[in-house]
Amino acid sequence: MPSYQAYRNIFKDIPLPFAYVDLDLLDQNICQIKKRAGSKQIRIASKSIRCLSVLKRILQADPVYQGVMCYSPPEAVYLSQQGLDDLLVAYPCWQAEQVRIVCAEVRKGKNITLMVDSIEHVRHLERLAGEEDVTLSLCLDLDLSADYPGLHFGVWRSSIFKPEDALRVFLEISKSPHLRLDGLMGYEAQIAGVGDRVPGQFLKNKLINTLKKHSVREIATKRAAAVNLLKASGANLRFVNGGGTGSLETTGAEEVVTEITAGSGFYSPVLFDHYQAFKHLPAAGFALEITRKPKPAIYTCAGGGYIASGATAPEKQPQPYLPACAKLFSLEGAGEVQTPVRYNGPEQLNLGDPIFMRHSKAGELCERFNSLYLISQGQIVDTVPTYRGEGYCFL
């Protein structure tokens, strides 16, 4: 693992703040994720990467990495125009202009699949695809959340709750001359995206572990029932997608699943430190400049308030990474224009020195920086643009 001194030396001439990816750690994560997925193909979740250069590096690392799960049609079109293919848009699209730009790419022979979970989605896309005279590939989004007394375990996502719901939407697709069903997706957020080893939360961790064990069995049963019902009704599924970084093993154990999505594990942000079954390496981060020292062992940095999305909670803050044992102040946290850090360790820190931080989530880091410094073997080997650096803000 890198040391504070090593990183400080690598970046000694780089203006602060900046973001970076450690390629040596990234490559180890790429290999580990492949091992965890077993025999399944892996589709990369682009929202957790948000950098074309890094996406291409992962795709070129091994044939097991095949296809990208995008988060919006404009992003899928951008990636298609940069030479990527087999692009699955993970969320339904309603805006007519966004559907039309996808149709334009499909007309060129590119493979972009759109997500649906209702008859309304299907009828809307049929009308637009008919006007554009193309055939659009669709994927059904199967809801895999679980309801327990007083608790909805998972995320509110799709309106397809039962295999029969999936069949009803498929039958509508079958009547549509400009649409075809290409795949089925189910995202088990309560397994893939919920940590079960969070420090200081022993009882909650025990409860989450118990709920996960129950949910894994229910998910496998529901997904297999949906796939079997669709196939028995004439569906020709090119892929059955599931999972995420936090559920590679359990999703990979399902016979009907053909591919697993992974994204956050490549950068391995702070939230992904809190899983019992695996641990990846912190490959991405950012550095803030120390600009004040109000008291001994207190260092105030410029900027840093890069808060992660989702329900507001302390764990959505970025966290000091190097030097080791540096901490945020609970009453101030990471701020818009300054972030105070407490550090009382062996490193001699001065004004102008960096504090290296890790984002709570993965790709959201790239929405704050125009470029990523790529490092390997103790030196900067390249500087590549993020989506933001290319001038894009897809959502």
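This is a predicted model: local features need pLDDT of at least 70, side-chain atom pairs count only at pLDDT 80 or more; totals for chains, interfaces and linings use all residues.
Trainee: Why are helices α4 and α5 called roughly parallel to each other?

Mentor: The axes of α4, residues 73-81, and α5, residues 96-107, cross at roughly 20°. Angles under 35 degrees count as roughly parallel, and α4 and α5 are therefore described as roughly parallel to each other.

Trainee: What else describes how α4 and α5 are placed, apart from the angle?

Mentor: Two packed helices are described by the distance between the axes as well as by the angle. Here the axes of α4 and α5 come within 9 Å, and α4 passes α5 in a left-handed crossing.

Trainee: Which residues in α4 and α5 meet?

Mentor: From α4 there are P73, P74, V77, S80 and Q81, and these meet Q98, I101, V102 and E105 of α5. Contact here means heavy atoms within 4.5 Å. Sorted by class, the contact of α4 with α5 has five nonpolar, three polar and one charged residues.

Trainee: Let us turn to the second largest pocket; how many residues line the pocket, and which of them lie nearest its centre?

Mentor: The second largest pocket, with a volume of about 580 Å³, is lined by 18 residues, and V270, Q319, P320, K327 and L328 lie nearest its centre. The elements that give two or more residues to this lining are β14, residues 319-322, and β15, residues 327-328. With three residues, β14 gives the most to the lining. By class, the lining of the second largest pocket divides into 10 nonpolar, four polar and four charged residues.

Trainee: Where is P323, and is the peptide bond from L322 to P323 cis or trans?

Mentor: P323 has its place in the loop between β14 and β15, and the peptide bond from L322 to P323 is cis, with omega near 5°. Another cis peptide bond runs from L16 to P17, with omega near -5°, and P17 is found in the loop between α1, residues 4-10, and β1, residues 18-22.

Trainee: What is the phi of D133, and where is D133 found?

Mentor: D133 has a positive phi of about 55°, although D133 is not a glycine. D133 is found in the loop between α6, residues 119-132, and β6, residues 136-141.

Technical notes
Residues are numbered from 1 along each chain as its sequence is written. Side-chain values use heavy atoms; hydrogens and water are left out. Axes are lines fitted to C-alpha atoms, for helices over the stretch in contact, and angles run from 0 to 180 degrees between N-to-C directions. Helices (H or I, at least four residues) and strands (E, at least two) are DSSP runs, numbered from the N terminus. Angles under 35 degrees count as roughly parallel, over 145 as roughly antiparallel, 65 to 115 as roughly perpendicular and the rest as oblique. A crossing is left-handed if the near helix is turned anticlockwise from the far one by less than a right angle, and right-handed if clockwise. Ala, Val, Leu, Ile, Met, Phe, Trp, Tyr, Cys and Pro count as nonpolar, Asp, Glu, Lys and Arg as charged, and the others, Gly among them, as polar. On a 1 Å grid over the protein atoms alone, a cavity is a set of points where a 1.4 Å probe fits but cannot get out, and a pocket is an open set with protein on both sides within 12 Å along at least five of seven lines; lining residues have an atom within 4 Å of a point. Grid points are joined across faces, edges and corners, and a volume is the space filled by probe spheres set on the points.
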